[in-house]
Amino acid sequence: MAFLKTKERSKERFSLLLLDLEEYYFEQHTALQLGASSTKDRKVRGSFKVCSKSLIFDPEDFAEPILKIPLRECKKIEVVDQNENPFETKPPTISILCRQANYMKEDNVIAPYRIERGDKRFNFELEVWNKTEDVVQTLLQLHRASCLVKLGDQTAMIEANLQSRLARSSFDKHSFQSVSEGPHMECTAEMVLPLVSNPGHVCITDEGLYFQPLNGYPEQVIQIKLHEVLRIYKRRHGLRPLGLEVFCTENDSCSDIYLKFYNTADRDEVYYYIATFLENHLMEHTAESYMLQWQRGHLSNYQYLLHLNNLADRSCNDLSQYPILPWVLADYTSPHLDLTNSATFRDLTKPIGALNKERLERLLARYRGMPEPSFMYGSHYSSPGYVLFYLVRVAPEHMLSLQNGRYDHADRMFNSIHETWKNCLEGATDFKELIPEFYGDDPSFLENKFSIDLGRRQNGSSINEVNLPPWSSDANDFLQKHKIALESQYVSENLHEWIDLVFGYKQRGCEAVASHNVFHPLTYEGGIDCDSIDDPDQRIAMLTQILEFGQTPTQLFTVPHPQRITPRFHSMTQSSSTYSTLSDMSSACSSEDTSFEDLTEESRKLAWGNMEQLEVLSTHKIHKEAVTGIAVTRDGASIFATSQDSTIKMFSKELKEFQRSMSFSNMALSSCLMLPDDNTVACSSWDNNVYFYSIPYGRRQDTLMGHDDAVSQMCWYGDQLYTASWDSTVKVWLRDPDNQSRSKRCSLELLYEFEHESGVNAVALNAAGTLLVTGCKGGTVCIWDAGSYGLLQQVQCHSGTIHHISFSSDSRHVLSTGVDCCLKVIDVQTGTVMSSVRAEEEMRCFCWDGNTVLSGSQSGDLLLWDLLSNTLTKRIPAHSGAVTAMWMNEQCSSVITGGEDRQIIFWKIAT
């Protein structure tokens with residue numbers, strides 16, 4: 001929990017939360033308060049703290065309250081010289097006459113502040129006498145700022161004081177952990193914690209990131225060792241790109257430091273220095289890469305949502321952008337929680353405000369009659385007030401800070417899970433979602449372990465622990481069952497709908513209107529440019545309103561989010577006929593499990609897990625030009641390779657030499673394909689034809705003259721041949737096994753023609769033959785229903801020609817490579833580009849298992865990619881020219897590659 005983690009840094013009673021919002025703590029002096037108690041002559045020793053809007057006296061005796069005097073309430077601040085007797089030297093005192101004094105943490109108890117109004121004088125004696133005059137001058141200057149009428153003038157004067165202090169100081173290099181450390185840069189920034197900011201100096205060296213607070217609180221210096229950094233994020237703070245958050249743990253949602261810089265250039269320099277330092281082991285994830293991991297079950301729903309929150313600028317250190325998680329249950333009254341009943345769950349396709357139909361109709365009626373800018377909901381689903389509503393039992397000081405020293409009315413506090421959910425359904429202005437703590441391991445936010453007096457309700461009952469649903473025995477049991485609900489089958493199958501609302505394409509525009517998901521314009525990123533407001537008062541007021549109201553997350557997805565692949569894939573919410581067709585086709589790919597198939601699948605997984613051990617068996621130069629295609633007989637004895645030299649050659653694996661060569665025309669052959677009879681090789685040609693070569697007879701058996709431009713690639717399923725061509729078509733041919741070329745020039749009959757907007761350079765079928773994917777010269781990927789010939793998805797994927805394309809083994813994803821050096825993974829169901837990896841060179845061909853890709857590069861090397869992390873894991877030297885063809889056996893244990901160097905290379909996985 002962020003609040004508990006930040007408290008660990010300091011054990012003293014004073015806290016920055018005792019300051020006003022947007023107030024700075026500048027300096028402290030050891031002092032005595034004179035006449036502090038009922039005994040007039042008593043002196044209380046403590047810390048005299050000068051802040052930008054107040055002065056605070058923190059007694060060493062915890063029985064005494066902390067005193068806070070707002071500077072705007074001061075009538076007189078002066079130095080009083082006590083030296084009436086010339087033979088006796090007495091220290092000068094700071095005398096303050098004020099109209100209001102606030103008393104906090106009396107007897108060291110966290111409780112609402114005691115505020116006393118009426119003229120009162122306080123006298124302080126500094127331990128270092130000669131600083132008295134300077135301290136008073138500082139207080140008078142800050143007092144003048146606090147008394148300015150215009151808020152903008154106040155802020156400008158305080159900011160000038162702050163910047164002057166920062167300019168007069170610098171980072172103390174004696175704080176370095178090692179004498180050999182070399183500083184890279186130094187700048188000023190603020191360390192951000194929930195509701196507070198602490199200015200100071202940042203220094204980054206070749207070993208660490210340091211922050212030295214201007215006031216020495218909570219420590220003289222805070223160090224982050226660079227080799228311990230695992231994640232860094234640029235942050236939008238106060239609607240401006242000034243934040244940087246550093247994590248030294250992988251799964252903790254709380255960072256080790258959050259810094260707000262005064263200009264973007266300083267932030268970016270620190271970010272890129274750390275990123276460059278860590279480039280060998282720091283993995284920069286995208287929303288798409290996390291999506292791919294989540295969709296395949298490598299991330300839990302909880303982990304995925306935390307990652308999305310991180311990428312969308314949500315931080316535990318910024319309460320206006322605190323991480324958001326959904327309500328997933330709708331049943332908080334039953335004695336038993338039934339996770340097999342869909343009625344137990346909240347409808348994740350709708351925002352909170354749209355779950356109650358009657359309330360929604362009232363909100364829509366107001367929305368339709370509202371002048372621009374119009375909005376459906378007058379409050380947000382996440383704001384500082386809502387976060388502290390949930391966390392008041394572990395963060396009472398934050399609640400008091402936010403609400404000027406008071407708790408909310410007892411009946412409006414977080415008293416009951418059921419009552420809170422009911423109010424979210426029925427309340428006129430309550431649309432809040434949940435926070436990560438509801439799915440964590442620490443139940444303290446539901447308990448009152450500190451015995452905090454939060455008041456009494458109208459019925460006389462005191463506020464203590466949160467009332468839990470009947471189906472939970474205690475707070476730990478509630479969290480455990482709540483976590484199970486978040487990871488349940490229903491939520492896993494429907495969570496993508498909620499992601500569309502909060503992080504995705506339904507967050508804005510017409511989709512947001514259609515989904516009843518429209519909030520106040522000020523909550524959206526880019527909704528207003530505060531820097532463009534000339535009037536400083538208006539600008540500060542606008543910024544304050546935005547920060548207190550809450551902010552919508554950065555939009556991460558602009559197309560529908562794909563559904564998760566779950567063990568039992570039964571879509572409960574899809575109504576689109578297209579989506580239903582895709583789901584049916586995907587499930588049709590799964591054949592009945594047999595022990596043999598299980599064994600084959602295990603061998604494939606083992607092979608791909610050891611793909612880094614790929615080693616060369618033999619190399620053979622058998623062509624005069626680049627190799628364009630490889631086909632292998634079922635027993636692996638004969639290998640056929642086509643080439644731009646217009647020939648197909650047969651190579652004997654046993655004899656390790658080529659035995660036959662055949663030329664069909666004087667133009668290049670573009671690909672080859674072994675037909676299911678294991679006796680025929682189909683060869684596509686730049687002369688617009690497809691030639692069929694008979695292995696038993698060693699001659700051309702048939703010719704298909706079916707296109708108006710070069711045939712680029714082919715695929716086969718059942719008794720149908722699919723031919724792709726640069727004439728912008730893919731044609732489907734039916735082969736008649738009973739009517740061979742003895743009675744006809746060609747035994748193939750045209751069934752259908754798929755039209756495209758540009759030449760088709762790549763084509764592939766899924767394992768079941770139910771889906772066809774094509775890749776065009778214009779960079780477009782098209783996914784077709786191979787049964788009805790209907791277009792299911794059309795995605796502009798690449799900026800130029802697509803070299804190769806293929807389905808994953810489960811038919812849920814398509815991988816494509818192109819001239820733009822990108823590898824892109826597309827979700828078949830939604831057409832979403834889920835992952836995009838930009839390589840340093842073109843990938844001409846590949847094989848993949850859905851997670852790992854073995855690709856042939858333009859330079860001639862084989863590259864091994866991990867799509868879950870979007871990283872290159874191994875580079876294997878192979879050809880002296882581009883790798884242009886690749887074949888892999890069914891067990892994924894043997895690989896054959898062909899290249900522009902006119903060679904074919906046989907590979908095996910070393911054991």
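Two residues are in contact here when heavy atoms of one lie within 4.5 Å of heavy atoms of the other. Keep that cut-off in mind while moving through this model, which is predicted.

**The whole chain**

Begin with everything displayed as a cartoon, where the protein shows 16 helices and 42 strands. The C-alpha atoms fill a box of roughly 130 × 65 × 50 Å, taken along the principal axes. Of the 911 residues, 57% count as buried, and among contacts with a separation of 6 or more, residues 24 or more positions apart account for 57%. If you switch to a surface display, the accessible surface comes to about 38,500 Å², and carbon and sulfur atoms contribute 47% of that area. Colouring by charge brings up 85 positive and 120 negative charges, whose mean positions are 3 Å apart.

Select H620 next, which has its place in strand 15 (residues 614-621). Is H620 buried or exposed? H620 counts as buried because its relative accessibility is 13%, and the cut-off for that class is under 20%. Show the side chains around H620 and, leaving aside residues up to four places away in sequence, you will find that H620 touches F651, K656, R902, Q903, I904 and F906.

**Two pairs of helices**

Move on to helix 5 (residues 287-295) and helix 6 (residues 301-311), whose axes come within 10 Å and cross at roughly 175°. At that angle, helix 5 is roughly antiparallel to helix 6. To see how the two helices meet, select A287, Y290, M291 and W294 on helix 5 together with N301, Y304, H307, L308 and L311 on helix 6, as these residues make the contact.

For the second pair, select helix 3 (residues 151-167) and helix 14 (residues 536-549), where the axes come within 7 Å and cross at roughly 85°. The contact is made by L151, G152, D153 and T155 from helix 3, and by P536, D537 and I540 from helix 14.

**Backbone details in the loops**

Select Y217 and P218 and look along the bond that joins them, which is cis, with omega near 0°. P218 is found in the loop between strand 10 (208-213) and strand 11 (222-225). Another cis peptide bond, with omega about 0°, joins E372 and P373, and P373 lies in the loop between helix 7 (357-368) and helix 8 (384-391).

Which phi value does N108 have? The phi of N108 is near 60°, a positive value in a residue other than glycine. N108 lies in the loop between strand 6 (93-104) and strand 7 (114-126), and N108 is partly exposed, with a relative accessible area of 36%.

Finish at H516, which is not a glycine either and has a positive phi of about 55°. Its place is in the loop between helix 13 (509-514) and helix 14, and with a relative accessible area of 24%, H516 is partly exposed.

How values were computed:
Residues numbered from 1 in each chain as written. Predicted model: local features only at pLDDT ≥ 70, side-chain atom pairs only at ≥ 80, totals over all residues. Heavy atoms only, no water. Helix = DSSP H or I, 4+ residues; strand = E, 2+ residues; numbered from the N terminus. Buried < 20%, exposed > 50% of the residue type's maximum accessible area, 1.4 Å probe, protein only. Areas by Shrake-Rupley, 256 points an atom, 1.4 Å probe, with all protein chains shown as cover. Lys, Arg positive; Asp, Glu negative; His and termini not counted. Charge placed at Lys NZ, Arg CZ, Asp CG, Glu CD. Axes fitted to C-alpha atoms, helices over the stretch in contact; angles between N-to-C directions. Parallel < 35°, antiparallel > 145°, perpendicular 65-115°, else oblique.
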